[in-house]
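Student: I would like to work through this model with you, one element at a time. Could we begin with a helix and the strands that it lies across?

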Amino acid sequence: MMSSIIEVKGLRKSFANGKKSTKEVLKGLELTVEKGEIFALLGSNGAGKTTLINIMATLLKQDAGTVSVNGFDVNKDAAKVRQSFSLTGQFAAVDDILTGRENLELIAKLHKVAKPKQVATEMLEKVSLLDAADKRLVQYSGGMRRRIDIAMSLIGAPAVIFLDEPTTGLDPEARNEVYELVQHLSDNGTTIFLTTQYLEEAEKLADRIAILHEGVIVANGTFDELKKLIPAPKVEMIEKQPTLEDIFLNIVAKKGDETK
């Protein structure tokens, strides 16, 4: 039986919108992520994805509601929350002057883990970059850089990895490399919270998918469950099954009509 590792209840967050007004970005958001799953959060630009990530990562305080990660409240137990996750942003946070091995050893030392050289080697093996370990990062391809970036996030064995649009700007081959790594991490028990602009990415990787629209979750479930939320496919010569892009656009359009 699975158990929750992320719980978001009644989450609200507003930002100043000019001198005398505010804009509410998150409007009583409710969300649960189970241990070991790949959870994908979809949403248009401005939907509130980054705001949610920043609150879960203790980088931003909410106005109302509660958020817990790995059993710890993001406000009351912020230090323990930060020990429970790693965050990988849209761009690889690596040092081009250093080699892949040196980047990993540096992070291991900053985490004060025992035997940083051994840990670096283990991480290189995990992301299949041992052969390129002693090359400077400037010589790495985009996919290799992203894999090193994720390997750096794995040091300290976090229970949750937040991946904020991890394949932005990567070519198809590099994206596939990242997909394989993410799937491998999930297969070994790591919880992955993924935001992405590539709908096929969520369709390919995610165990569950949530759609965030105008500050609230408007749909949440497996891909097969989400397919049931839109009209049945037309039957012509071939039955056309809906893609995740079809589902996303259909649901967001409906919600937009409801608010008019």
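Student: At about what angle to β3 does helix α6 run?

Tutor: In this predicted model, helix α6 is formed by residues 172–187.

Student: Which strands stand at the edges of the open sheet, and why is one side of each left without a neighbour?

Tutor: The open sheet has six strands with mixed pairing, in the order β6-β7-β8-β3-β9-β10. Each edge strand has a single partner strand, so one side of it is left without a neighbour in the sheet. The edge strands are β6 (85–88) and β10 (216–221).

Student: In which sense do β3 and β9 pair, and what is the bridge partner of L42 in β9?

Tutor: Strand β3 comprises residues 38–42 and strand β9 residues 208–213, and the two pair in the parallel sense over four bridges. In β9, the bridge partner of L42 is I211.

Student: Which strands does helix α5 touch, and about what angle does its direction make with that of β6?

Tutor: Helix α5, residues 142–154, packs on the sheet, where it touches β6 and β7 (160–164). Taken against the direction of β6, the direction of helix α5 makes an angle of about 160°.

Student: Which element gives the most residues to the lining of the largest pocket?

Tutor: About 320 Å³ of space lies in the largest pocket, and of the 17 residues that line it, the closest to its centre are S86, L87, H111, M152 and S153. The elements that give two or more residues to this lining are α2 (78–84), β6 and α5. With four residues, the element that gives the most is β6.

Student: How many residues in the lining of the largest pocket are charged?

Tutor: The lining divides by residue class, with eight nonpolar and seven polar residues. The charged residues in the lining number two.

Student: With which residue does E24 form a salt bridge?

Tutor: The count of salt bridges comes to nine. In the one formed by E24, the closest N and O atoms are 2.8 Å apart, and the pair links strand β2 (residues 22–34) with strand β1 (residues 4–16) across twelve residues of the chain. The partner of E24 is R12.

Student: Which residue in the turn between β1 and β2 has a positive phi?

Tutor: Strands β1 and β2 run antiparallel and are joined by ten bridges, and in β2 the bridge partner of S4 is E34. The two strands form a hairpin with five residues between them. The turn residue with a positive phi, of about 95°, is G18.

Definitions and conventions: Residues are numbered from 1 along each chain as its sequence is written. This is a predicted model: local features need pLDDT of at least 70, side-chain atom pairs count only at pLDDT 80 or more; totals for chains, interfaces and linings use all residues. Side-chain values use heavy atoms; hydrogens and water are left out. Two strands pair if DSSP finds at least two bridges between them. Contact means heavy atoms within 4.5 Å. Axes are lines fitted to C-alpha atoms, for helices over the stretch in contact, and angles run from 0 to 180 degrees between N-to-C directions. On a 1 Å grid over the protein atoms alone, a cavity is a set of points where a 1.4 Å probe fits but cannot get out, and a pocket is an open set with protein on both sides within 12 Å along at least five of seven lines; lining residues have an atom within 4 Å of a point. Grid points are joined across faces, edges and corners, and a volume is the space filled by probe spheres set on the points. Ala, Val, Leu, Ile, Met, Phe, Trp, Tyr, Cys and Pro count as nonpolar, Asp, Glu, Lys and Arg as charged, and the others, Gly among them, as polar. A salt bridge is a side-chain nitrogen of Lys or Arg within 4 Å of a carboxyl oxygen of Asp or Glu.
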